[in-house]
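The following paragraphs go through one protein model, from its overall dimensions down to individual residues. Please keep the sequence and the coordinates open while reading.

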Amino acid sequence: MNSNDMANALLQACQKRGIMLATAESCTGGMIIAALTDIAGSSAVVDRGFITYSNEAKMDMLGVSAATLDAHGAVSRETAIEMAKGALARSRAGLTLAVTGIAGPGGGSAEKPVGLVWFGVGIDGETVTAEHKLFADKGRDFIRQETVRHALELGLRALGQR
């Protein structure tokens, strides 16, 4: 299933459950919300997208704590969880997808290499979950596209559609 089909399936799953969706994006810079809003009729379930590229934006827009960013960094399980929680708290969404990662070509380290992305998934009333993927370093575009695809897949999985 390509990203467009996955985005369409996610919108349908949200509509079926009667919930809105929001994203909290760092390394994708809005690509997930764009994939969703490219589809006609998406306004029935898409509430908003938070583009929080800087640490300041993560704190201001999503309530990610400075202590979390200092202790774990922007690309971490803890930050992804706080991003997803913040998006739930600051929107009308029942499902939130959060991503924070290193798309490259620079910015990586031995502990956090280029291609590392943390994903947070929040469903209203449930525990926010997080997982990470290490995508092959095949360029910034590849990493960002794969991040969008995986985030959509996680949304479908969270709603029991995969």
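For a chain of 162 residues, a compact globule would have a radius of gyration near 15 Å, and the protein, at 14 Å, agrees with that. The model is a predicted one. Along the principal axes, the C-alpha atoms fill a box of roughly 45 × 30 × 20 Å. Of the 162 residues, 51% are buried. The accessible surface comes to about 7300 Å², and carbon and sulfur atoms account for 47% of it. Among the contacts with a separation of 6 or more, 61% are made by residues 24 or more positions apart.

The secondary structure consists of 6 helices and 5 strands. Read from the N terminus on, the elements follow the order α-β-α-β-α-α-α-β-β-β-α.

The final helix in that order can be taken up next. Helix α6 covers residues 140–158. The buried residues of α6 are Ile143, Arg144, Thr147, Val148, His150, Ala151, Leu152, Leu154, Gly155 and Leu156. For a helix, spacing matters when such a list is read: an α-helix has 3.6 residues a turn, so residues three or four places apart point the same way. What covers the buried residues of α6 includes the helices α1 (3–17) and α2, together with β3 (95–101), β4 and β5. After the helix comes Gly160, whose phi is positive, near 75°.

His150 is located in α6 and counts as buried because its relative accessibility is 7%, below the 20% cut-off. Apart from neighbours within four places in sequence, His150 is in contact with Phe119, Glu131, Lys133, Phe135 and Arg157.

How are Phe119 and Phe135 arranged as an aromatic pair? A pair of aromatic rings is described by the distance of the centres and the angle of the planes. The count for the model comes to 1 aromatic pair. In this pair, Phe119 and Phe135 lie 6.4 Å apart centre to centre, with 80° between the planes, and the arrangement is edge-to-face. The pair links distant parts of the chain, 16 residues apart: Phe119 belongs to strand β4 (residues 116–123), whereas Phe135 is in the loop between β5 (129–134) and α6. Phe119 is buried, with a relative accessible area of 1%. Phe135 is buried too, at 10%.

The cysteines give a count of 0 disulfides. Cys14 has a relative accessible area of 0% and is therefore buried. Cys27 counts as buried as well, at 3% relative accessibility.

Helix α5 (residues 77–89) has 13 residues, and from its first C-alpha to its last it reaches 18 Å, close to the 18 Å expected at 1.5 Å a residue. The buried residues of α5 are Thr79, Ala80, Ile81, Met83, Ala84, Gly86, Ala87 and Leu88.

Two loops remain to be described. The loop between β3 and β4 contains Pro105. The peptide bond that joins Gly104 and Pro105 is cis, with omega at about 5°.

The other loop runs between α2 (31–37) and β2 (46–51), and Ser42 lies in it. Ser43 has its place in this loop too. Ser43, at 63% relative accessibility, counts as exposed, since the cut-off for exposure is over 50%. Not counting residues up to four places away in sequence, Ser42 touches Leu11, Leu36 and Thr37. For Ser43 there is a distance to Leu21: the two residues are 22 apart in sequence, and their C-alpha atoms are 9.9 Å apart in space.

Technical notes: Residues are numbered from 1 along each chain as its sequence is written. This is a predicted model: local features need pLDDT of at least 70, side-chain atom pairs count only at pLDDT 80 or more; totals for chains, interfaces and linings use all residues. Side-chain values use heavy atoms; hydrogens and water are left out. Helices (H or I, at least four residues) and strands (E, at least two) are DSSP runs, numbered from the N terminus. Contact means heavy atoms within 4.5 Å. Rings of Phe, Tyr and Trp (its six-membered ring) pair if their centres lie within 6.5 Å; planes under 30 degrees apart count as stacked, over 60 as edge-to-face and the rest as tilted. Buried means under 20% relative accessible area, exposed over 50%, partly exposed in between (1.4 Å probe, protein chains only). A disulfide is a pair of cysteine sulfur atoms within 2.5 Å. The radius of gyration is taken over C-alpha atoms; the globule rule is 2.2 Å times the number of residues to the power 0.38. Accessible areas come from the Shrake-Rupley method with a 1.4 Å probe; for residues, only the protein chains shown count as cover. The expected span of a helix is 1.5 Å times one less than its number of residues.
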